[in-house]
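Here's a walk through how this chain is put together, one packing site at a time. Have your viewer open as you read.

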Amino acid sequence: MQVLSQLDLAAAAWFLVAWFGFNFLVDISPLRKKTLSSAMDDYRRGWMLSMCSRDVRIMDTSIMGGLQQGTAFFASTSLLAIGGGFALLDATDRILQVAGDLSIPVADSRALWEIKVLGLMLIFAYGFFKFGWAYRLFNYASIIMGAVPEKSRASRETIEKMASQAAELNVLAGRHFNRGQRAFFFSIGFLGWFAGPYVFAATTLAVLLVLIRRQFASRARAAVFSGQYPTAASADISGEYTDTGSSNPFT
């Protein structure tokens, strides 16, 4: 007997198209330059160029530490979610019995329920790999940041080259982190499948619309695009900071 109906297969296909299609739209398509994520990539590169002009980089290391902590939190949350999925598989019979007593349309059979739970676990596993790799890339970026020499110990070209390497690792880490977060967001849409294929398709569409709005029409995007990050060529900081990196002339 076929476990998945034609409606279930169609809803699952729509879910995959929406998820990976959104990744393509934001990360690969020509429209990526208009997204909030792309604007933040430019700010990451500008941050590294500003970092290499400072002799005191405590602020930069603090920001990097915060990024790493946030990534580690989501990675550990992914593992907890996977463990919760195993708990759901272990309690399948009881959940189906309770759902039947309450007339809740959770699943028509044990096999269908297990397929849905396994699908949810796969999403969290994908998120874990993305968060884990993003955490590692943030580590690599922080190591290169620490290796960037002071202004008095290397040429400007060498310093900016190493800062650019740290920036690209930072950008790449941010992209993997974003993809892990998108997996979490689309897992909310996936939960609609437990109520049926029509709800599954609707919740997937709702999540997709929310994410598109955040990238192209949110107030956060408007705030980021309201100003343009100054380029390295136009940023002349000579005389603005002392050798300690402080704007206070007495330090």
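**Helix packing and cores**

Helix 1 and helix 5 run roughly parallel to each other, a label for angles under 35 degrees. Helix 1 (residues 6–27) and helix 5 (residues 110–147) pack at about 5°, with axes 13 Å apart; axes are lines fitted to C-alpha atoms over the stretch in contact, angles run from 0 to 180 degrees between N-to-C directions, and helices are DSSP runs (H or I, at least four residues) numbered from the N terminus. Asp8, Phe15, Trp19 and Asn23 in helix 1 meet Leu112, Ile123 and Tyr126 in helix 5, contact meaning heavy atoms within 4.5 Å.

This is a predicted model, where local features need pLDDT of at least 70, side-chain atom pairs count only at pLDDT 80 or more, and totals for chains, interfaces and linings use all residues. Numbering starts from 1 along each chain as its sequence is written, and side-chain values use heavy atoms, leaving out hydrogens and water.

Now for the largest nonpolar core, which has 30 residues. Such a core is a set of buried Ala, Val, Leu, Ile, Met, Phe, Trp, Tyr and Cys residues joined through side-chain atoms within 4.5 Å, with buried meaning under 20% relative accessible area (1.4 Å probe, protein chains only). Phe15, Phe186 and Phe190 touch the most other members. Beyond its sequence neighbours within four places, Phe186 contacts residues including Phe15, Trp19, Phe22 and Leu211.

Finally, look at Arg54, in the loop between helix 2 (36–51) and helix 3 (58–90). Arg54 counts as buried because its relative accessibility is 18%.

Notes. Helices (H or I, at least four residues) and strands (E, at least two) are DSSP runs, numbered from the N terminus. Angles under 35 degrees count as roughly parallel, over 145 as roughly antiparallel, 65 to 115 as roughly perpendicular and the rest as oblique. Buried means under 20% relative accessible area, exposed over 50%, partly exposed in between (1.4 Å probe, protein chains only).
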